[in-house]
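User: Could you take a close look at one helix for me and walk me through how it sits against its surroundings?

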Amino acid sequence: PVLDTEDAWLSVEGPVSIVELALEQKRIHYPLVEHQFVLCTLLYAIMRLSLKGVKPLSLFDSKGKNAFFKDLTSIQLLPSGDMDPEVLSLRQQFLLKVVSAAVQTLCSSQKDREVSEEEYFPFEKGKNWPTLAADLAQYLQISEDLVRRHYVCELYSYGMDHLGEE
(Lines give C-alpha, C1' and ligand atoms only; values in the text may rest on other atoms or scores of the structure.)
Protein backbone atom coordinates (compact mmCIF):
# COMPACT_ATOMS: atom_id res chain seq x y z
CA PRO A 1 0.00 0.00 0.00
CA VAL A 2 1.02 3.56 -0.66
CA LEU A 3 1.16 5.76 2.41
CA ASP A 4 0.93 9.48 1.79
CA THR A 5 2.52 11.60 4.49
CA GLU A 6 2.44 15.32 5.01
CA ASP A 7 5.62 17.30 4.52
CA ALA A 8 5.73 18.24 8.21
CA TRP A 9 6.14 14.58 9.17
CA LEU A 10 9.10 13.97 6.85
CA SER A 11 11.51 15.93 9.05
CA VAL A 12 10.48 14.19 12.28
CA GLU A 13 13.23 12.20 13.98
CA GLY A 14 12.73 9.29 16.32
CA PRO A 15 11.77 5.64 16.21
CA VAL A 16 10.17 4.13 13.14
CA SER A 17 6.39 4.40 13.10
CA ILE A 18 4.31 1.33 13.87
CA VAL A 19 2.73 1.51 10.40
CA GLU A 20 6.12 1.26 8.71
CA LEU A 21 7.10 -1.61 10.98
CA ALA A 22 3.88 -3.44 10.14
CA LEU A 23 4.43 -3.00 6.42
CA GLU A 24 7.93 -4.45 6.68
CA GLN A 25 6.66 -7.67 8.27
CA LYS A 26 6.41 -10.81 6.19
CA ARG A 27 2.92 -11.86 5.19
CA ILE A 28 1.49 -14.78 7.14
CA HIS A 29 0.22 -17.94 5.50
CA TYR A 30 -3.46 -17.77 6.47
CA PRO A 31 -4.26 -21.51 6.11
CA LEU A 32 -1.47 -22.20 8.61
CA VAL A 33 -2.98 -19.71 11.08
CA GLU A 34 -6.36 -21.36 10.58
CA HIS A 35 -4.75 -24.75 11.27
CA GLN A 36 -3.31 -23.37 14.53
CA PHE A 37 -6.72 -21.94 15.43
CA VAL A 38 -8.31 -25.37 15.08
CA LEU A 39 -5.74 -26.83 17.48
CA CYS A 40 -6.31 -24.01 19.99
CA THR A 41 -10.06 -24.56 19.83
CA LEU A 42 -9.63 -28.29 20.38
CA LEU A 43 -7.36 -27.66 23.37
CA TYR A 44 -9.79 -25.14 24.84
CA ALA A 45 -12.69 -27.57 24.47
CA ILE A 46 -10.66 -30.31 26.17
CA MET A 47 -9.79 -28.00 29.05
CA ARG A 48 -13.18 -26.31 29.46
CA LEU A 49 -15.25 -29.47 29.28
CA SER A 50 -12.75 -31.57 31.30
CA LEU A 51 -12.41 -34.25 28.65
CA LYS A 52 -10.18 -37.07 29.81
CA GLY A 53 -8.02 -39.37 27.70
CA VAL A 54 -7.91 -37.16 24.62
CA LYS A 55 -4.60 -36.80 22.82
CA PRO A 56 -5.03 -33.65 20.71
CA LEU A 57 -2.18 -34.34 18.30
CA SER A 58 -3.66 -37.73 17.47
CA LEU A 59 -6.45 -35.83 15.70
CA PHE A 60 -3.99 -34.73 12.99
CA ASP A 61 -1.99 -36.61 10.40
CA SER A 62 1.80 -36.29 10.04
CA LYS A 63 1.60 -33.23 7.74
CA GLY A 64 -0.75 -31.53 10.17
CA LYS A 65 1.50 -32.26 13.15
CA ASN A 66 4.59 -30.95 11.35
CA ALA A 67 2.81 -27.73 10.37
CA PHE A 68 2.31 -26.77 14.03
CA PHE A 69 6.02 -26.25 14.57
CA LYS A 70 6.70 -24.02 11.57
CA ASP A 71 6.89 -20.26 11.24
CA LEU A 72 3.51 -18.70 10.38
CA THR A 73 5.07 -16.88 7.43
CA SER A 74 6.27 -20.09 5.79
CA ILE A 75 4.13 -21.90 3.29
CA GLN A 76 3.67 -25.42 4.60
CA LEU A 77 2.08 -28.52 3.24
CA LEU A 78 -1.18 -28.85 5.10
CA PRO A 79 -3.39 -31.93 5.22
CA SER A 80 -5.04 -32.64 1.90
CA GLY A 81 -8.59 -33.81 1.30
CA ASP A 82 -7.66 -37.49 1.65
CA MET A 83 -7.38 -38.46 5.29
CA ASP A 84 -6.57 -41.69 7.04
CA PRO A 85 -9.86 -43.35 8.12
CA GLU A 86 -8.41 -43.97 11.59
CA VAL A 87 -7.73 -40.24 12.08
CA LEU A 88 -11.22 -39.41 10.83
CA SER A 89 -12.67 -41.91 13.31
CA LEU A 90 -10.71 -40.32 16.18
CA ARG A 91 -11.91 -36.87 15.12
CA GLN A 92 -15.52 -38.04 14.98
CA GLN A 93 -15.28 -39.60 18.44
CA PHE A 94 -13.74 -36.40 19.80
CA LEU A 95 -16.49 -34.16 18.41
CA LEU A 96 -19.16 -36.47 19.79
CA LYS A 97 -17.43 -36.36 23.19
CA VAL A 98 -17.48 -32.56 23.09
CA VAL A 99 -21.20 -32.51 22.35
CA SER A 100 -21.97 -35.10 25.05
CA ALA A 101 -19.88 -33.27 27.65
CA ALA A 102 -21.47 -29.91 26.80
CA VAL A 103 -25.01 -31.29 27.11
CA GLN A 104 -24.15 -33.16 30.30
CA THR A 105 -22.60 -30.03 31.85
CA LEU A 106 -25.56 -27.89 30.88
CA CYS A 107 -28.14 -30.40 32.10
CA SER A 108 -26.39 -31.11 35.41
CA SER A 109 -26.03 -27.41 36.16
CA GLN A 110 -29.70 -26.80 35.38
CA LYS A 111 -30.79 -29.70 37.56
CA ASP A 112 -28.69 -28.51 40.50
CA ARG A 113 -30.28 -25.10 40.26
CA GLU A 114 -32.01 -23.27 37.52
CA VAL A 115 -29.00 -21.77 35.78
CA SER A 116 -28.71 -20.73 32.18
CA GLU A 117 -25.76 -21.67 30.03
CA GLU A 118 -24.51 -18.07 30.10
CA GLU A 119 -24.42 -18.10 33.91
CA TYR A 120 -22.62 -21.43 34.04
CA PHE A 121 -20.00 -20.28 31.51
CA PRO A 122 -19.79 -16.58 32.46
CA PHE A 123 -16.84 -15.71 30.21
CA GLU A 124 -18.32 -17.47 27.21
CA LYS A 125 -21.56 -15.62 26.61
CA GLY A 126 -23.00 -16.66 23.32
CA LYS A 127 -20.71 -19.70 23.03
CA ASN A 128 -22.71 -22.75 22.18
CA TRP A 129 -20.41 -25.77 22.43
CA PRO A 130 -22.48 -28.09 20.23
CA THR A 131 -22.58 -25.43 17.51
CA LEU A 132 -18.84 -24.95 17.90
CA ALA A 133 -18.37 -28.72 17.50
CA ALA A 134 -20.45 -28.62 14.30
CA ASP A 135 -18.31 -25.75 13.01
CA LEU A 136 -15.15 -27.68 13.86
CA ALA A 137 -16.53 -30.67 11.97
CA GLN A 138 -16.16 -28.70 8.76
CA TYR A 139 -12.44 -28.12 9.41
CA LEU A 140 -11.89 -31.70 10.58
CA GLN A 141 -13.66 -33.22 7.54
CA ILE A 142 -16.46 -34.77 9.57
CA SER A 143 -20.13 -34.56 8.63
CA GLU A 144 -21.84 -31.68 10.43
CA ASP A 145 -25.13 -33.56 10.26
CA LEU A 146 -23.63 -36.40 12.27
CA VAL A 147 -22.64 -33.98 15.04
CA ARG A 148 -26.04 -32.25 15.00
CA ARG A 149 -27.90 -35.59 15.13
CA HIS A 150 -25.79 -36.64 18.11
CA TYR A 151 -26.62 -33.32 19.80
CA VAL A 152 -30.34 -33.91 19.34
CA CYS A 153 -30.04 -37.49 20.65
CA GLU A 154 -28.15 -36.22 23.71
CA LEU A 155 -30.81 -33.59 24.40
CA TYR A 156 -33.55 -36.22 24.24
CA SER A 157 -31.59 -38.62 26.45
CA TYR A 158 -31.25 -35.94 29.14
CA GLY A 159 -34.96 -35.13 28.99
CA MET A 160 -34.62 -31.79 27.23
CA ASP A 161 -37.16 -32.66 24.56
CA HIS A 162 -38.16 -29.04 23.94
CA LEU A 163 -34.58 -28.17 22.92
CA GLY A 164 -34.23 -31.38 20.90
CA GLU A 165 -37.30 -30.47 18.85
CA GLU A 166 -35.81 -27.09 17.99
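Analyst: Let's call a residue buried when its relative accessible area is under 20%, exposed over 50% and partly exposed in between, using a 1.4 Å probe and protein chains only. This is a predicted model, where local features need pLDDT of at least 70 and side-chain atom pairs count only at 80 or more, while totals for chains, interfaces and linings use all residues. Residues are numbered from 1 along each chain as its sequence is written, and side-chain values use heavy atoms, leaving out hydrogens and water.

Helices here are DSSP runs of H or I with at least four residues, numbered from the N terminus. On α3, the buried set is L32, H35, Q36, V38, L39, T41, L42, A45 and I46. An α-helix has 3.6 residues a turn, so residues three or four places apart point the same way. The 19 residues of α3 span 26 Å from first C-alpha to last, close to the 27 Å expected (1.5 Å times one less than the number of residues). Just past its end, S50 has a positive phi of about 55 degrees.

Now the partner: the axes of α3 (30-48) and α7 (129-139) come within 11 Å and cross at roughly 145 degrees, with axes fitted to C-alpha atoms over the stretch in contact and angles running from 0 to 180 degrees between N-to-C directions. E34, V38, T41, L42, Y44, A45 and R48 of α3 meet W129, L132, L136 and Y139 of α7, contact being heavy atoms within 4.5 Å.

L42 also turns up among the residues with the most contacts inside the largest nonpolar core, which has 29 residues; such a core is a set of buried Ala, Val, Leu, Ile, Met, Phe, Trp, Tyr and Cys joined through side-chain atoms within 4.5 Å. α3, α5, α7 and α8 each give this core at least two residues.
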